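Hello,

Here is the structure I said I would pass on. My notes on it follow below.

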Amino acid sequence: MNEDSEIVSFSVKGQIVIPRKIRKALEIEDGTRALVYIEDNKIILKPLTERHVRSLRNLLKPTQ
């Protein structure tokens with residue numbers, strides 16, 4: 001944990017509220033989709049924001 005860490009609770013349906021400062025820092029807005037998976041016994045949540053999509057665009061360009 002670091003100074004930006006916050007504790008959240010899971011609802012009966014497994015939902016959590018991501019704190020506002022984290023949503024703002026990651027440009028998460030209403031309707032933002034996310035990729036969720038398990039890695040090393042941790043829940044990884046990656047928001048699929050416009051910034052994330054832009055970062056992926058150059059990965060598939062052929063190198064010449």
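**Glu6 and its partner**

Glu6 has a relative accessible area of 41%, which makes it partly exposed. Before going further, please keep in mind that this is a predicted model. Lys21 belongs to helix H1 (residues 20-25) while Glu6 sits in the segment before H1, so the pair ties together parts of the chain that are 15 residues apart in sequence. Lys21 is also partly exposed, at 44% relative accessibility. The pair counts because a salt bridge requires a side-chain nitrogen of Lys or Arg within 4 Å of a carboxyl oxygen of Asp or Glu; by that rule the count comes to one salt bridge. In general terms, side chains of opposite charge can pair when their charged atoms come close.

**Overall layout**

The protein has two helices and two strands. Read from the N terminus, the order is α-β-β-α. How much of it is buried? Of the 64 residues, 6% count as buried. The accessible surface comes to about 6,400 Å², and carbon and sulfur atoms supply 53% of that area. Of the contacts with a separation of 6 or more, 12% are between residues 24 or more positions apart.

**The strands**

Strand E1 covers residues 34-39 and includes Val36. Leu35 is in strand E1 as well. With a relative accessible area of 43%, Leu35 is partly exposed, whereas Val36 reaches 52% and is exposed. Val36 falls in the exposed class because the cut-off for that class is over 50%.

Which residues does Leu35 touch, leaving aside those up to four places away in sequence? They are Ile44, Leu45, Lys46 and Leu48. As for Lys46, its C-alpha atom is 5.1 Å from that of Leu35, although the two residues are 11 apart along the chain.

**Nonpolar patch and pocket**

Val36 also takes part in a nonpolar surface patch, together with Val8, Phe10, Ile16, Ile43 and Leu45. The accessible area of the patch is about 560 Å² in total.

The largest pocket has a volume of about 820 Å³. It is lined by 23 residues, and those closest to its centre are Ile16, Ile18, Ile22, Ile43 and Leu45. Strand E1 and strand E2 (42-47) are the elements that give two or more residues to this lining. Strand E2 gives the most, with four residues.

**Two residues with positive phi**

Two non-glycine residues may be worth a look when you go through the backbone. Glu27 has a positive phi of about 60°, and its place is the loop between H1 and E1. Its relative accessible area is 40%, so Glu27 is partly exposed. Asn41 also has a positive phi, near 65°, and lies in the loop between E1 and E2. Is Asn41 buried or exposed? With a relative accessible area of 77%, Asn41 is exposed.

Regards

Technical notes
Residues numbered from 1 in each chain as written. Predicted model: local features only at pLDDT ≥ 70, side-chain atom pairs only at ≥ 80, totals over all residues. Heavy atoms only, no water. Buried < 20%, exposed > 50% of the residue type's maximum accessible area, 1.4 Å probe, protein only. Contact = heavy atoms within 4.5 Å. Areas by Shrake-Rupley, 256 points an atom, 1.4 Å probe, with all protein chains shown as cover. Patch = residues over 30% accessible without salt bridge, like charges linked within 9 Å, V, L, I, M, F, W, Y side chains within 5 Å. 1 Å grid on protein atoms, 1.4 Å probe; cavity = no way out; pocket = protein on both sides within 12 Å on 5 of 7 lines; lining within 4 Å. Points joined across faces, edges and corners; volume = space filled by probe spheres on them.
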